[in-house]
Amino acid sequence: MTSAVEQLLAVKARIANAEREARRDPGAVTLVAVSKTFTAEDIRPVIEAGQRVFGENRVQEAQGKWPALKEAFPDIELHLIGPLQSNKAKEAVALFDVIETVDREKIAAELAKETARQGRTPKLYVQVNTGSEPQKAGIEPREAVRFVKRCREAHGLAIEGLMCIPPADENPGPHFALLEKIAREAGVAKLSMGMSGDYETAIAFGATSVRVGSAIFGSR
């Protein structure tokens, strides 16, 4: 069986190749290794192989394994990539370095309150529902530029990126192109897009980070 470390190296090689093909600078794209459902024991070898940026879907699950790992490896950057409930904003601000799923007014207000209270300012991304899927989190594309502006002006939040998860049964390219267009209009520099099945496409469309889980850790 291929180890997670071997898979990590293979993914990094494919990212480097995709950067070259898209005429992007080497290292322009950050790999977020998605470790949801995997234990600290599963994750540790990947950290020891040099990976430092990880993504988790649930605040509670992350609380169970990451505080000890972050203490052992202080340079880890932890991203929240799953939906954030407003009642978990306090815990999310305390644990995560990047929160990629800001998608409504109530969350923006809670994050503003908690960052002020804790004196800790995670980097923030707005999640855009590029496919307007009713079951999926994220702000509607037509509302996204206005929402970023409101987060900045009404709540004092420094939004630095956008994130999307294209519909599973559609070509992801147009969704990545739409996110890049919204980012330009909103004056946002970072684009979190692309997962295990489509991260090379995302890099061609300007992703600055890709979220790869099963291609590294295996199926859940």
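This tour moves through the structure one selection at a time, with a note on what is there at each stop.

The model is predicted, so local features are described only where pLDDT is at least 70 and side-chain atom pairs count only at pLDDT 80 or more, whereas totals for chains, interfaces and linings use all residues. Residues are numbered from 1 along each chain as its sequence is written, and side-chain values use heavy atoms, with hydrogens and water left out.

**Stop 1: the annotated domain**

Select residues 11-219, where UniProt places the feature "domain: Alanine racemase N-terminal" in an unreviewed entry; UniProt positions are given in the numbering used here, feature names are shortened, and annotations may be inferred rather than shown by experiment. Over residues 11-219 the chain is 45% helix and 17% strand, and the end C-alpha atoms are 15 Å apart. Helices (H or I, at least four residues) and strands (E, at least two) are DSSP runs, numbered from the N terminus.

**Stop 2: Lys-36**

Next select Lys-36, which UniProt lists, again in an unreviewed entry, for "modified residue: N6-(pyridoxal phosphate)lysine". Lys-36 sits in the loop between strand 1 (30-34) and helix 2 (40-48). Because its relative accessibility is 26%, Lys-36 counts as partly exposed; buried means under 20% relative accessible area, exposed over 50%, and partly exposed in between, with a 1.4 Å probe and protein chains only. Show the residues around it: apart from neighbours within four places in sequence, Lys-36 is in contact with Gly-55, Glu-56, Asn-57, Glu-61, Lys-65 and Arg-220, where contact means heavy atoms within 4.5 Å.

**Stop 3**

Val-34 stands opposite Gly-55 in strand 2. Together, strand 1, helix 2 and strand 2 make a right-handed β-α-β unit; a crossover is right-handed if, with the strands pointing away from the viewer, the path from the first strand over the helix to the second runs clockwise.

In a regular strand the side chains alternate between the two faces of the sheet. On strand 2, Val-53 and Gly-55 point one way while Phe-54 and Glu-56 point the other way, and all are buried.

Strand 4 (residues 98-102) runs parallel to strand 3 and is joined to it by two bridges, with Val-98 in strand 4 as the bridge partner of His-79. Helix 4 (residues 89-95) lies in the right-handed β-α-β unit made with strand 3 and strand 4.

**Stop 4: the nonpolar core**

Which residues have the most contacts inside the largest nonpolar core? They are Trp-66, Ile-99 and Leu-162, in a core of 61 residues; a nonpolar core is a set of buried Ala, Val, Leu, Ile, Met, Phe, Trp, Tyr and Cys residues joined through side-chain atoms within 4.5 Å. The largest share of this core, five residues, comes from helix 7 (residues 173-186). Select Ile-99 and its surroundings: leaving aside neighbours within four places in sequence, its contacts include Leu-80, Ala-92, Leu-111 and Tyr-125.

**Stop 5: helix 5**

Move to helix 5 (residues 105-118), whose end C-alpha atoms are 20 Å apart, in agreement with the 20 Å that its 14 residues should span at 1.5 Å a residue; the expected span is 1.5 Å times one less than the number of residues. The buried residues of helix 5 are Ile-107, Ala-108, Leu-111, Ala-112, Glu-114 and Thr-115, and what covers them includes helix 4, strand 4, strand 5 (123-127) and helix 6. Just after helix 5, Gly-119 takes a positive phi of about 65 degrees.

**Stop 6: helix 7**

Finish on helix 7, where the buried residues include Phe-176, Leu-179 and Ile-182. Their cover includes helix 6 (141-155), strand 6 (159-163), strand 7 (190-192) and helix 8 (199-204). Leu-178, also in helix 7, is partly exposed because its relative accessible area is 27%, and beyond neighbours within four places in sequence it is in contact with Thr-130 and Pro-141. Gly-187, with a positive phi near 70 degrees, follows helix 7.

How values were computed:
Pairing = 2+ DSSP bridges.
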